Amino acid sequence: SGVFTFPSTGKWHITFNMNYWYAGSGGVAYTRWTSVEIYTCENFGSGDTWVRQARSQDGLYTPDANGAYSEASCNGFLDVTNVGTHKVRFKVGVGSSISSNQVGSTNIDDTFVTFWKLGDT
């Protein structure tokens with residue numbers, strides 16, 4: 001469903017990082033954007049009010065057909081007082097209808113989400 005549940009209550013730091021690759025188009029220059037967003041919900045199952053906690057954008061410029069890489073990363077915080085109602089989800093975006101690919105690997109963290117528990121609530 002794309003909705004993530006926390007394993008325990010507490011104060012959580014969330015990082016979302018996405019690498020993009022765009023494959024150029026016949027020597028045409030493109031300047032566009034890529035973005036990542038973190039959304040949190042504190043009333044999941046009872047109205048589901050999602051709030052954007054963080055957003056980051058990066059430019060994507062390719063001067064020729066060789067393509068280009070872009071990366072966007074953002075951080076959010078959530079005080080999880082109830083693991084049943086406090087949830088998180090993520091959104092990615094690419095500007096101006098360009099075709100891009102999200103980069104991933106089993107050997108390196110190109111695209112990832114990290115959750116760090118900072119302490120008790």
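The protein chain contains eight strands and zero helices, where helices (H or I, at least four residues) and strands (E, at least two) are DSSP runs numbered from the N terminus. Along the sequence, the elements follow the pattern β-β-β-β-β-β-β-β. The model is predicted: local features need pLDDT of at least 70, side-chain atom pairs count only at pLDDT 80 or more, and totals for chains, interfaces and linings use all residues. Residues are numbered from 1 along each chain as its sequence is written, and side-chain values use heavy atoms, with hydrogens and water left out.

**The chain as a whole**

Of the 121 residues in the protein chain, 36% are buried; buried means under 20% relative accessible area, exposed over 50%, and partly exposed in between, with a 1.4 Å probe and protein chains only. The accessible surface amounts to about 6,700 Å², and carbon and sulfur atoms account for 48% of it. Accessible areas come from the Shrake-Rupley method with a 1.4 Å probe, and for residues only the protein chains shown count as cover. Among contacts (heavy atoms within 4.5 Å) between residues at least 6 apart in sequence, 77% join residues at least 24 apart.

In strand E2, 11 of the 13 residues are buried. Its pairings are listed below; two strands pair if DSSP finds at least two bridges between them.

| Pair | Sense | Bridges | One bridge |
|---|---|---|---|
| E2 and E5 | antiparallel | 13 bridges | Lys 11 with Asp 79 |
| E2 and E8 (residues 112–119) | antiparallel | seven bridges | Asn 17 with Phe 112 |

**The largest nonpolar core**

A nonpolar core is a set of buried Ala, Val, Leu, Ile, Met, Phe, Trp, Tyr and Cys residues joined through side-chain atoms within 4.5 Å. The largest one has 14 residues, of which Phe 6, Ile 14, Phe 16, Val 36, Ile 38 and Cys 74 touch the most other members. Strands E2 (10–22), E3 (30–41) and E5 (68–80) each supply at least two residues of this core, and E2 gives the most, with five residues. Leaving aside residues up to four places away in sequence, Ile 38 touches a set of residues including Ile 14, Phe 16, Val 51, Cys 74, Val 88 and Phe 90.

Ser 35 lies in strand E3 and counts as buried because its relative accessibility is 4%. Beyond residues up to four places away in sequence, Ser 35 touches Tyr 20, Arg 55, Ser 56, Gln 57, Ala 72, Lys 91, Val 92 and Gly 93.

Thr 40 is also found in strand E3. Thr 40 is classed as buried because its relative accessible area is 3%. With residues up to four places away in sequence not counted, Thr 40 touches Thr 49, Trp 50, Val 51, Gln 53, Leu 78, Lys 87 and Val 88. The side chains of Thr 40 and Gln 53 make a polar contact at 3.0 Å. A polar contact is a pair of N or O atoms within 3.5 Å; within protein, one must be able to donate a hydrogen and the other to accept it, and residues adjacent in sequence count only if both atoms are side-chain atoms. Thr 40 and Val 3 are 37 residues apart along the chain, and their C-alpha atoms are separated by 9.4 Å.
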